[in-house]
Amino acid sequence: MDAVSRRTILRATSVAAGAAAFGGLWSRAAPPALAAANPYRDVAADARMVWKRLPTNWQEGPFLANGYLGAQLYAGKARQVLKVMLSHSQVQDQRVRWEAGIGLSRLPIGYLTLTLAGAITGVDWTLDLYHAELGGTITTTAGSVGLSAVVHNDLGVLLVSLTPSAGEAGAAWAFQPLESATTRTVRKPPEYVANPAPGTGDGYCAQPMLAGGGYTTAWRERAIGTRRLLAATVAYSFPGTTHTADAVAAVGKALAANPDALLARHRRWWNDFHQRSFVSVPDKRVQRFYWIQLYKIASATRASGPVVSEWGPWFPEVGNSWTAVWWNLNVQVTYPIVNSSNHPELDAVTETFRRDHANLETSVPPAYRDGDTYALSHPGDWRLRPGGTRSVGVPGTASKTDQTGNLLWGLHNVWLSYRHHLDRRVLRDVLYPTLAKALNFYRHFLFTGPDGRLHLPLTRSPEYADAPDCTYDLSLIRWAAHTLADSARVLGLDEPRVPMWREIGAKLVPYHESAADGVLIGDGVPLAGSHRHFSHLLWLYPLREKNWERSGDRDVMTRTFAHWAADRKAWHGYSYAAASSMSSVMDAPEEALRYLKFFLDRNVVADTELTANTMYREGTNFAIESPITAAQSVVDMLLQGSGGVLKVFPSVSATWRDASIAGLRAEGAFLVDASRRDGSTEFVRVHSEAGEPLVLDHGITGDIDVRDEHGGRLPWRPAGARRIAVGLRRGGTAVVTPRGGRGDRGPRDVPALGPAPAWGLPN
């Protein structure tokens with residue numbers, strides 16, 4: 001680059017090298033120094049990941065993706081080899097006669113190798129989140145190579161540009177396929193065999209599948225003076241066999257295009273993405289982590305593509321047995337951040353249920369498949385198929401499982417999408433019909449006990465114990481019954497099932513409790529040891545059935561949470577994220593930050609770890625959900641919108657005297673900007689997309705001004721301490737400030753508490 005801004009001077013060397021690697025062709029896009037001040041760009045740039053030494057595996061390396069094609073860079077087996085591991089979120093087997101983790105398993109693809117003349121002695125890499133570009137240099141005993149890489153957002157092609165020194169002019173690319181077989185060993189049938197060996201051609205490797213179809217990796221290089229541009233991609237087709245032609249054509253199209261134009265298109269999407277919302281907090285380690293998770297989930301998923309599996313679009317090449325989509329918590333905790341950060345373009349959950357809901361019947365035990373009952377077993381594939389004869393089992397029998405609640409919890413994500421956008425099409429076409437069939441599964445088994453209450457026979461609380469009246473299931477049943485009845489009202493339907501749903505909600509047995517432990521796992525089953533899964537606490541979070549503001553709810557919330565949190569030996573990353581969010585909704589900001597920081601500080605618990613590149617391992621398994629759900633924990637400190645009250649800075653630690661948010665989305669289809677300066681809220685700006693009633697907990701002490709977006713005064717009425725009710729029309733905006741204050745400020749990167757290292761391998 002020919003200029004750099006003050007905010008980006010520290011990354012000048014590696015980014016400039018990356019830009020030069022594209023032969024100057026891609027460097028025509030205006031660098032940050034030539035653009036107007038932009039806090040979105042600057043904060044995303046500050047969250048850049050840095051590598052000062054060569055990463056050795058997926059837990060350390062930089063990662064690129066566009067929701068489909070993924071790439072990770074790290075050391076090869078030989079000292080002179082760089083490995084670029086490829087994966088693709090659609091590439092899976094199609095042997096549906098076996099359960100999804102085996103027969104519909106995600107499949108290894110292979111990796112590119114860059115073989116250099118000399119041994120690699122060092123790297124200086126930067127992953128620029130704002131542009132989703134990796135740039136820098138590789139130093140070897142024979143010279144150096146300038147490198148820049150993107151997975152092009154629109155084309156789904158990996159583009160890697162090299163600028164080798166004279167001693168590395170012979171650096172050569174090759175591709176090494178991996179065996180096309182599941183890496184899962186659990187319940188793997190003895191008759192399972194790998195797919196056939198691949199066929200190779202000029203610049204491609206074609207992998208057929210025994211079930212039909214297949215996938216092809218294609219790669220080609222183009223010389224640009226002394227510089228070189230590699231294009232590589234993976235194409236998948238089933239049941240058709242167009243994958244080879246598709247892959248070769250995609251590579252050819254990319255290399256035939258103007259690299260400047262390609263990069264401009266890629267950057268445009270990512271720049272727009274990062275400017276949809278904004279978060280800045282004084283703990284820069286937390287702030288950078290948050291922005292990396294937004295980059296990660298945008299890399300991992302798109303609304304039109306597969307819902308995330310445990311790998312996302314990346315492949316962990318050693319010891320991973322989680323080869324499909326896990327619906328017993330993993331998906332459910334990954335996606336809420338796409339709503340609060342204002343990214344509906346990433347909501348693959350809603351679109352998955354819209355597209356593939358008919359496949360949910362295959363998870364219902366055969367005796368209960370009546371055309372009006374749905375369930376969701378796991379693991380499954382991204383088309384909601386469990387594979388084989390797998391089902392959620394029958395409550396009250398030996399076939400029971402801990403999967404009966406999977407579908408209701410998954411549909412709660414759809415409900416969150418609806419509540420954050422108030423798109424009635426989501427409610428009418430996706431949530432309402434699917435939720436009714438999901439609740440019907442439980443209706444087959446609910447029975448009236450001697451107490452006149454509806455009870456549930458023996459099910460299994462996820463990952464813990466069998467229990468009648470299992471709290472996990474009861475909380476989801478209660479939520480579903482109330483949501484269906486209310487949805488019929490919102491949609492204006494003359495629905496004959498409403499009395500039945502209301503009866504379920506009214507007669508369902510209360511949660512079983514003890515004086516010491518709060519809510520139990522189920523009837524007669526206490527939580528007797530450390531438990532990573534917060535299944536018996538769903539009613540607290542995320543269902544938010546109990547409300548901290550109701551004094552009658554506080555005691556049971558406190559007792560149950562305290563008992564769960566007292567023994568954390570078995571907790572995993574998502575446990576700490578959930579504990580942080582629960583603390584936030586219980587008005588305990590210091591505890592919320594403590595739980596979050598324990599996780600972000602990379603403490604190892606139960607052989608789990610947040611890795612150097614913010615990925616997450618459980619044993620040797622790659623599990624994508626824990627870091628991403630921790631980003632939602634950050635939002636829960638800054639903004640909450642359930643229970644009919646919009647709360648701004650509801651759970652901010654006293655150590656965070658400054659904070660700035662913009663474009664965060666809350667239930668009720670509200671977009672919120674706000675600033676906290678020196679311990680006080682200086683303004684709150686709320687834009688209403690749907691005209692819903694607004695009760696705002698603005699947090700401002702003393703007299704206030706409430707104005708519209710043009711500065712005119714808005715009528716309001718008090719609704720409690722530091723709360724107001726404002727009647728906003730659809731498209732209207734309310735700006736609340738201390739009396740005489742300014743509300744026209746934009747987002748800002750707030751002052752740092754102190755120095756914080758970059759994520760990656762910065763030293």
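Is the crossing of α9 and α11 left-handed or right-handed? I looked this up in a predicted model, where local features need pLDDT of at least 70, side-chain atom pairs count only at pLDDT 80 or more, and totals for chains, interfaces and linings use all residues. Residues are numbered from 1 along each chain as its sequence is written, and side-chain values use heavy atoms, with hydrogens and water left out.

**Helix pair.** I found that the crossing of α9 and α11 is left-handed, a term used if the near helix is turned anticlockwise from the far one by less than a right angle. The axes of α9 (residues 348–356) and α11 (residues 424–443) come within 9 Å and cross at roughly 55°; axes are lines fitted to C-alpha atoms over the stretch in contact, with angles from 0 to 180 degrees between N-to-C directions. Helices are DSSP runs (H or I, at least four residues) and strands likewise (E, at least two), numbered from the N terminus.

I then noted the contact (heavy atoms within 4.5 Å), which is made by T350, F353 and R354 of α9 and V426, D429 and V430 of α11.

**Loops.** I checked the peptide bond from F238 to P239 and found it cis, with omega near 0°; P239 lies in the loop between β14 (227–237) and α4 (243–256). A cis peptide bond also joins H378 and P379, with omega about -5°, and P379 lies in the loop between α9 and α10 (406–421). Lastly I looked at A132, which is not a glycine and yet has a positive phi of about 55°; A132 sits in the loop between β6 (120–128) and β7 (133–140).
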